[in-house]
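I opened the model today and went through its sheets, its helix contacts and the ligand shell. My notes follow in the order of looking.

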Amino acid sequence: MGRVVGANVCLGTGTTQRLGWPAPEEAGGQVELLYDYGPSLLPQGPMTGGMWRYRDLLPLGEGEILYPLPVGGTPLLAPPVLRRETGLEYLFLKDETRGPTGSNKDRATALVLEHALRTGASTVTCASMGNVATSLAVGAAAAGLQAVVFVPVGVNPAKLRLMLLAGAKVLKVREGYEAAFRLSRAAAREYGWIDRNTGVNPMTLEGKKTVAYEIWEQLGRRMPDAVVAPVGDGPTLSALAKGFREIVECGGAQSVPRIIGVQAEGCQPLKLAFERGGIPEHAEPDTIADGIAVGAPVSAASVLRDVRESGGAFVAVPDAQFLAAIKRLAQGAGILAEPAGAAAFAGTLAALSQGLLEPTQTVVALVTGSGLKTPEYLRPAGRAHTVSDQLAEVEGALGLPT
Ligand SMILES: Cc1ncc(COP(=O)(O)O)c(C=O)c1O
């Protein structure tokens with residue numbers, strides 16, 4: 001059983017400080033749990049059990065897992081068509097659209113709710129651009145808990161419908177996501193709810209990091225050369241980096257892969273800060289990719305640190321390339337993605353064309369969110385033909401020789 005032996009906090013300046021354990025509730029930055037690392041914590045045997053197979057590297061005591069939904073164990077696809085088309089011989093897509101609500105948020109939700117169930121909590125809260133709240137609403141419903149979620153007024157309507165369908169209490173905040181975040185946190189403190197806010201509850205990072213362990217195992221216990229991840233608030237990337245660091249700490253690899261962060265051209269505070277140095281400036285988001293439309297990322301400092309330490313880079317991609325990536329993922333890999341979900345693949349192509357990736361490298365792009373929630377961005381490539389019950393009409397419609 002893995003044992004948490006301490007925690008680090010990544011402060012706004014990007015410096016890491018050791019904390020006592022248990023860590024104080026307000027540590028002043030992203031809290032990262034530390035374990036007594038060693039080879040015995042690495043998973044053994046066939047890859048079963050979803051994310052719980054990594055429980056030796058999760059802050060869980062003994063006992064059966066109570067959370068009822070299966071999470072993790074998502075496929076690492078080797079897409080032959082996209083490999084041929086892109087020239088990336090060893091491209092892999094980590095298909096995180098396969099969770100219960102079709103996004104990588106389901107991993108963080110599962111661990112937070114497992115804790116809630118173990119501690120007898122009844123209400124959980126978060127702020128969200130859409131996917132986190134959908135994930136928490138559905139997960140809480142399955143676990144028999146009440147979710148209270150705070151979203152911006154302009155939240156995607158299909159995601160909102162799913163939250164309400166699952167029975168969450170939904171508060172639409174006029175001032176937008178950052179205000180929703182503050183309000184959710186204040187409500188958690190005031191009413192004693194479990195705070196699942198991304199980047200501030202260390203469990204969210206712990207749940208999301210399991211994707212790195214899976215990639216390493218699925219590649220035959222080897223690290224890829226580079227991993228490409230979308231960046232909104234940042235915990236997806238930061239958790240990925242933590243997972244890879246921990247594999248190295250446990251002796252499972254020599255070094256971590258390069259990490260490439262992808263932002264939207266219309267919201268790139270971290271890319272700009274990475275290149276200019278200093279603290280990110282607040283951005284006014286202007287992108288269709290709601291999951292990464294975050295003007296003041298919560299985990300900015302740790303993301304900048306993690307990309308820098310991995311020898312990685314940032315790319316920024318215009319919305320048109322997200323739409324093109326959605327189409328290519330559907331037609332070249334059979335994956336249905338939303339704009340933020342397709343961002344890493346779009347960013348992979350941008351990084352390749354900028355010389356940040358080599359065609360012979362093993363590159364993993366995360367596909368973080370399903371397009372089934374965003375039908376408005378699934379732009380048809382062709383049109384359907386209406387025919388009568390006659391083969392002649394089929395021939396006419398398809399242009400087949402008669
Ligand atoms: C589909 C999708 N991809 C990426 C992200 C960005 O994740 P993070 O906020 O952890 O950077 C989100 C966040 O909501 C998302 O919904």
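Which residue in β2 is the bridge partner of Val 9? I looked it up: Gln 17 in β2 is the bridge partner of Val 9.

Before going on I noted the ground rules. The model is predicted, so to speak on record: local features need pLDDT of at least 70, side-chain atom pairs count only at pLDDT 80 or more, and totals for chains, interfaces and linings use all residues. Residues are numbered from 1 along each chain as its sequence is written. Helices (H or I, at least four residues) and strands (E, at least two) are DSSP runs numbered from the N terminus.

**Hairpin.** I found β1 (residues 4-10) and β2 (residues 16-19) paired in the antiparallel sense over four bridges; two strands pair if DSSP finds at least two bridges between them. The two strands form a hairpin with five residues between them. In the turn, Gly 14 has a positive phi of about 95°.

**Six-stranded sheet.** I read the order as β4-β5-β13-β10-β11-β12, an open sheet with mixed pairing. β4 (76-77) and β12 (313-317) are at the edges with a single partner strand each, so one side of each is left without a neighbour in the sheet. Inside the order, β10 (residues 226-230) and β13 (residues 362-367) run parallel and are joined by three bridges. Val 228 stands opposite Ala 365 in β13. I then checked what packs on this sheet. Helix α9 (residues 269-276) touches β11 (258-264) and β12, and its direction makes about 135° with that of β12. Helix α11 (residues 319-333) touches β4, β5 (90-95), β11, β12 and β13, at about 95° to β12. Contact here means C-beta atoms, placed from the backbone, within 7 Å. Axes are lines fitted to C-alpha atoms, for helices over the stretch in contact, and angles run from 0 to 180 degrees between N-to-C directions.

**Four-stranded sheet.** The order is β8-β7-β6-β9, open, with parallel pairing. The edge strands β8 (169-173) and β9 (194-195) each pair on one side only. Two bridges join β6 (residues 123-127) to β9, and Val 124 has Ile 194 as its bridge partner in β9. Helix α5 (residues 177-191) lies across β6, β7 (146-152), β8 and β9, at about 160° to β6.

**Helix pair α11 and α12.** I noted an angle of about 85° and axes 8 Å apart. The two helices are therefore roughly perpendicular to each other (65 to 115 degrees; under 35 counts as roughly parallel, over 145 as roughly antiparallel, and the rest as oblique). Gln 321, Phe 322, Ala 325, Ile 326 and Leu 329 in α11 meet Pro 339, Ala 342, Ala 343, Phe 345 and Ala 346 in α12. The contact has nine nonpolar residues, one polar and no charged. Ala, Val, Leu, Ile, Met, Phe, Trp, Tyr, Cys and Pro count as nonpolar, Asp, Glu, Lys and Arg as charged, and the others, Gly among them, as polar.

**Ligand.** I listed 19 residues around the ligand, the closest being Asn 131, Gly 232, Thr 236, Gly 291 and Gly 369; a residue is near if its C-beta atom, placed from the backbone, lies within 6 Å. Helices α3 (131-143), α8 (235-249) and α12 (339-353) are the elements that give two or more residues to this shell. By class, the shell has seven nonpolar, 10 polar and two charged residues.

Methods: Contact = placed C-beta atoms within 7 Å.
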